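Welcome! Please take a moment to look over the sequence and the 3D structure below, and then follow this short tour, topic by topic.

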Amino acid sequence: MWHMRKLLAWLNKEPDLNLRLLQWAVPLFLAGSALVYELVEHSLEGGLHFTTAFMGEVLLFGLMGPIIIGFMIAWMREIVSAERRATALAQELNRDLEARVAARTAELAARNAELARANAELKQLDQLKSDFVSLVSHELRAPLTNLNGGLELALQQADSLPPGARHILQTMVKESERLTGFVQTILNVSRLEAGKLQINPGPVACLPLLQRTVEAMFPDQRRPVEWDIAADLPPLWADEVYLEEVVRNILRNADKYAPAGSPIRITAWPCDDRVQISIGDQGPGIPAEIQPYIFERFYRGQRADNVAPGWGLGLYFARRLMEAQGGAISLRSPWRDDPGQPGAEFTLTLPIAAVPEDEDDV
């Protein structure tokens, strides 16, 4: 056992050289041993005679056996050499792979650091933008309030003005109100994004809110409204002020893009534990390719010259307000079978207000 260990240790030092020595030493040793053995054996049996039996045994044990052993050792040597080459190649590939991994890791770390810096800069820029917009909006609100008050006072005495001046004054009042609404929308969006817009949800009667909003939007009844309201509609759980703001925004868009005199359809029905309010117009509709972006900030998909003015904030603010109230807003266009006026239908989904147990028992 001890000699076997020493042999294995010797082979492991220089396997190729040692196997080459064994390849020649062992067959020669076996051949010599076999020849000596046969000579001694036949000499002891009655004299050395080169008979056929003697020559056969010499060829078999002294020549063929050592040759076979030599081929076997050569085969083992080739296997060891192939294994050494494979091991060296694997080690080289492993070193190359480790170098590549280290380089990629360093590159990834550098890119992550660069992305982190860019993200921090973007956050800082976004915060600066929000602060700037909020500051400008606050600064604009006071002069706009004074301007609106002065225009309203002037409009009360507009009967004494020439028709042209009266028309200009009325136009200034409308544009001033529109600009005031835009400034207020920007302020509300900034507060909402900063988490500073106060949402006060509570039970809201759906039908009175819709009727009140329609009367405020169309006091002259120039736009017909088709109603489809479920009987005994349960109250909603929402902020009444901001829900009315969302409905106003949808009605305003419907009035902008729908042909004059075409009706607006308003439906409200319960669905499981929620209520769905849908407002549909008979306008040109919204193309399918821009519908995924219609609720994004400052996005306006229609760029034609005759498009009604706007800033692309109304639907974005409506979506954020609905989400802040635990609801959602969705779009379906076309919603009519008329290819000339496919229309657009916006659906508001809000939870039903929970009824207290004592009221349910009464």
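Helix α4 covers residues 163-193, which makes 31 residues. From its first C-alpha to its last, α4 reaches 45 Å, close to the 45 Å expected at 1.5 Å a residue. Please keep in mind that this is a predicted model.

**Helix α4 and what follows**

- Which residues of α4 are buried? They include L169, V173 and S176, and also the run from V189 back through N188, L187, I186 and T185 to V183 and F182, if you leave out what lies between F182 and T185 other than V183.
- S190 and L192 are also among the buried residues of α4.
- Just after α4 comes G195, whose phi is positive, at about 75 degrees.

- W75 has its place in helix α3, which spans residues 52-156.
- Is W75 buried or exposed? Its relative accessible area is 57%, and because exposed means over 50%, W75 counts as exposed.
- Together with M76 and I79, W75 makes a nonpolar surface patch of about 340 Å².
- Moving on to helix α6 (residues 240-257), you will find V241 there.
- V241 is exposed too, because its relative accessibility is 60%.
- In sequence, V241 and L209 are 32 residues apart, while their C-alpha atoms are 9.5 Å apart in space.

**Strands β2, β4 and β5**

- Strand β4 (residues 264-271) runs parallel to strand β2 (residues 225-229), and five bridges join the two.
- On the other pairing of β4, seven bridges link it with strand β5 (residues 274-280) in the antiparallel sense.

**Strands β6 and β7**

- Strand β6 (residues 328-332) is joined by five bridges to strand β7 (residues 345-351), and the two run antiparallel.
- Within this pair, R332 stands opposite E345 of β7.
- What lies on each face of β6? I329 and L331 make up the covered face, whereas A328, S330 and R332 are on the uncovered one.
- In a regular strand, side chains alternate between the two faces of the sheet.

Note on methods:
Residues numbered from 1 in each chain as written. Predicted model: local features only at pLDDT ≥ 70, side-chain atom pairs only at ≥ 80, totals over all residues. Heavy atoms only, no water. Pairing = 2+ DSSP bridges. Helix = DSSP H or I, 4+ residues; strand = E, 2+ residues; numbered from the N terminus. Buried < 20%, exposed > 50% of the residue type's maximum accessible area, 1.4 Å probe, protein only. Patch = residues over 30% accessible without salt bridge, like charges linked within 9 Å, V, L, I, M, F, W, Y side chains within 5 Å. Areas by Shrake-Rupley, 256 points an atom, 1.4 Å probe, with all protein chains shown as cover. Salt bridge = Lys/Arg side-chain N within 4 Å of Asp/Glu carboxyl O. Expected span 1.5 Å × (residues − 1).
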